[in-house]
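Please read them with the structure open.

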Amino acid sequence: MPSAADLPPIPSWNRPPEKHVPEQTPLFIGFTRNWRILQQAVVGYITAGWPPEDIYVLENTGTMDANANGQLSLQNPFFLNHTRLHMLGVNVITTPTLLTFAQLQNFMIHTALSKKWHTYFWSHMDVGILSEEQMEPFRTIYEGAVDALRNTTKPDYGKWAQALFAYDRLALVNTKAYAAVGGWDTQIPYYGGDCDMHERLDMEGYRRDEFRIGQVSDVGTSVDDLIVYYRKTRSPEP
């Protein structure tokens, strides 16, 4: 696919708003390895209504500028196609070195603070994304995420830190709340770090609520042809 002009059209019911919503809706997706899985997640979010310019892939491969310079091949597990991501319209931020899960979470907080984002979304990369098209009235995953953001930021909502959409496969974060409890403890291993962070938020009285906005499912592989996300007439059944 030589250029962005060659991308297939997104179904009309799943397109992002023509005019961006007033709220900032940045979405972080961390990447360490398995390009095909990441590409599927990015395409899933775009075809479920998320504005591409709001998506930030965090390249956490530890290979410095090798991917940006095209020095790795698809056979390398750390390969990331910068050209394809830019063609899709998304942003890439490269971490200075290979970060642990907790360090990457703190990097998200740091980036949000530096960009003055009061809230941000983050997602696992190994997810399958689909809007719930049987929902009445229909709304895209992006529209559901915006509704949740507006709900949590109402003056009477209370003290909150996090909104979960399929546990933390997709989550909305209150930047100041995460910073106020000291961020993630980088001395605690992966799953223990989740438990520690959530417990500290609970002890400080922050709300952590769940919302249903669409299908956000764990996946272990990618589909053969991403055209199914764009719903082309002659494509295989989604």
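1. This is a predicted model. Helix 4, residues 141–152, lies across strand 4 (119–123), strand 6 and strand 7 (170–174). Relative to strand 7, helix 4 runs at about 30°.

2. The sheet is open and has 7 strands in the order 3-2-1-4-7-6-8, with mixed pairing. Strand 3 (91–94) and strand 8 (207–210) stand at the edges; each has a single partner strand, so one side of each is left without a neighbour in the sheet. From one strand to the next, the twist averages 25°.

3. Lys159 lies over the face of Tyr206, at 4.5 Å from the ring centre.

4. There are 13 aromatic pairs in the structure. In one of them, Trp35 and Phe79, the ring centres are 6.2 Å apart and the planes are at 85°; planes over 60 degrees apart count as edge-to-face, so this pair is edge-to-face. Trp35 belongs to helix 1 (residues 35–46) and Phe79 to the loop between strand 2 (55–59) and helix 2 (82–88), so the pair ties together parts 44 residues apart in sequence. Both Trp35 and Phe79 are buried.

5. Which residues form one aromatic cluster? They are Tyr45, Trp50, Phe121, Tyr142, Phe165 and Phe211.

Technical notes:
Residues are numbered from 1 along each chain as its sequence is written. This is a predicted model: local features need pLDDT of at least 70, side-chain atom pairs count only at pLDDT 80 or more; totals for chains, interfaces and linings use all residues. Side-chain values use heavy atoms; hydrogens and water are left out. Two strands pair if DSSP finds at least two bridges between them. Helices (H or I, at least four residues) and strands (E, at least two) are DSSP runs, numbered from the N terminus. Axes are lines fitted to C-alpha atoms, for helices over the stretch in contact, and angles run from 0 to 180 degrees between N-to-C directions. Contact means heavy atoms within 4.5 Å. Rings of Phe, Tyr and Trp (its six-membered ring) pair if their centres lie within 6.5 Å; planes under 30 degrees apart count as stacked, over 60 as edge-to-face and the rest as tilted. Buried means under 20% relative accessible area, exposed over 50%, partly exposed in between (1.4 Å probe, protein chains only). A charge sits over a ring if NZ of Lys or CZ of Arg is within 6 Å of the ring centre and within 35 degrees of the ring normal.
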